[in-house]
Amino acid sequence: MVTIYSYLKYLVILFILWVFPHCLVLPILNSVICRGIKRGNPLTTEDESLSQSGIKCLSSWIQHGVGVGLEETIHLVEPLLAVSRNSSLSETALEAVAVVVNHPEAHRYPSLLMSILAQLLSLQDRIVCLV
């Protein structure tokens, strides 16, 4: 059973991640985002909500350049693409990927951009549904 305490605990973690965006908290953010990846069991609404909040937090950091550079967050693209397979999180996750791809420093990572493009092509059915 989900308690208010566990939900508040994750909200506090997300707040800390937003206020103190240092490379020490990126693994925690990765963990929060990965809660939205479907594994053997169905996802709870809490997992989806936390994952969505984590994705929005990451997207804002990258978009506004708040203390975290692209090179520090580039490893979170894989989890974002995995989360985008979840229909309720796909729009938020793909928007975050778009923020990464459109970042002014993205041109410094051509092999990563090509990898992202290849993975996006496999998600073509999700992307078409969102358009």
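Colleague: Hi! Before we start, what do buried, exposed and partly exposed mean here?

Modeller: Hello! Buried means under 20% relative accessible area, exposed means over 50%, and partly exposed is in between. Keep in mind that we are looking at a predicted model.

Colleague: Which nonpolar surface patch does Tyr7 belong to?

Modeller: Tyr7 forms one with Ile4, Leu8 and Leu11. Together the four have about 370 Å² of accessible area.

Colleague: Why might residues three or four places apart in an α-helix point the same way?

Modeller: An α-helix has 3.6 residues a turn, so residues with that spacing end up facing the same way.

Colleague: Nice. Zooming out, how many helices and strands are there?

Modeller: There are eight helices and zero strands. Read from the N terminus, the order is α-α-α-α-α-α-α-α. The protein has 131 residues, and 38% of them count as buried.

Colleague: And how confident is the predictor?

Modeller: The average pLDDT is 78, and 79% of the residues score at least 70.

Colleague: Where is confidence lowest, and where is it highest?

Modeller: The lowest is helix H8, residues 124–130, with a mean of 65. The highest is helix H6, residues 90–101, at 89.

Colleague: On to the inside. How many residues are in the largest nonpolar core?

Modeller: That core has 26 residues. Leu29, Ile33, Ile55, Leu58, Leu80, Val83 and Leu120 have the most contacts inside it.

Colleague: Which elements give two or more residues to this core?

Modeller: They are H2, H3, H5 (77–83), H6 and H7 (110–122). H6 supplies the largest share, six residues.

Colleague: What span should H3 have, and what does the model give?

Modeller: H3 has 20 residues, and at 1.5 Å a residue they should span 28 Å. The end C-alpha atoms are 28 Å apart, which agrees.

Colleague: Back to Asp47. Which side chain does Asp47 meet in a salt bridge?

Modeller: It meets Arg35, at 2.3 Å from N to O. This pair links distant parts of the chain, with Asp47 in H3 and Arg35 in the loop between H2 and H3, 12 residues apart.

Colleague: Are those two buried, partly exposed or exposed?

Modeller: Asp47 counts as buried because its relative accessibility is 15%. Arg35 is partly exposed, with a relative accessible area of 21%.

Colleague: How many salt bridges does the structure hold?

Modeller: Two. Arg108 and Glu105 also meet in a salt bridge, at 3.5 Å from N to O. Glu105 is at 25% relative accessibility, so it counts as partly exposed.

Colleague: Last topic: how far apart are Asn102 and Ile62?

Modeller: They are 40 residues apart in sequence and 10.0 Å apart in space, C-alpha to C-alpha. Asn102 is in the loop between H6 and H7, and Asn102 is exposed because its relative accessible area is 61%.

Colleague: What about Leu81 and Ile37?

Modeller: Those two are 44 residues apart along the chain, and their C-alpha atoms are separated by 9.5 Å. Leu81 is in helix H5, and at 3% relative accessibility Leu81 counts as buried.

Methods: Residues numbered from 1 in each chain as written. Predicted model: local features only at pLDDT ≥ 70, side-chain atom pairs only at ≥ 80, totals over all residues. Heavy atoms only, no water. Patch = residues over 30% accessible without salt bridge, like charges linked within 9 Å, V, L, I, M, F, W, Y side chains within 5 Å. Areas by Shrake-Rupley, 256 points an atom, 1.4 Å probe, with all protein chains shown as cover. Helix = DSSP H or I, 4+ residues; strand = E, 2+ residues; numbered from the N terminus. Buried < 20%, exposed > 50% of the residue type's maximum accessible area, 1.4 Å probe, protein only. pLDDT = per-residue confidence, 0-100. Core = buried A, V, L, I, M, F, W, Y, C linked by side-chain atoms within 4.5 Å. Expected span 1.5 Å × (residues − 1).
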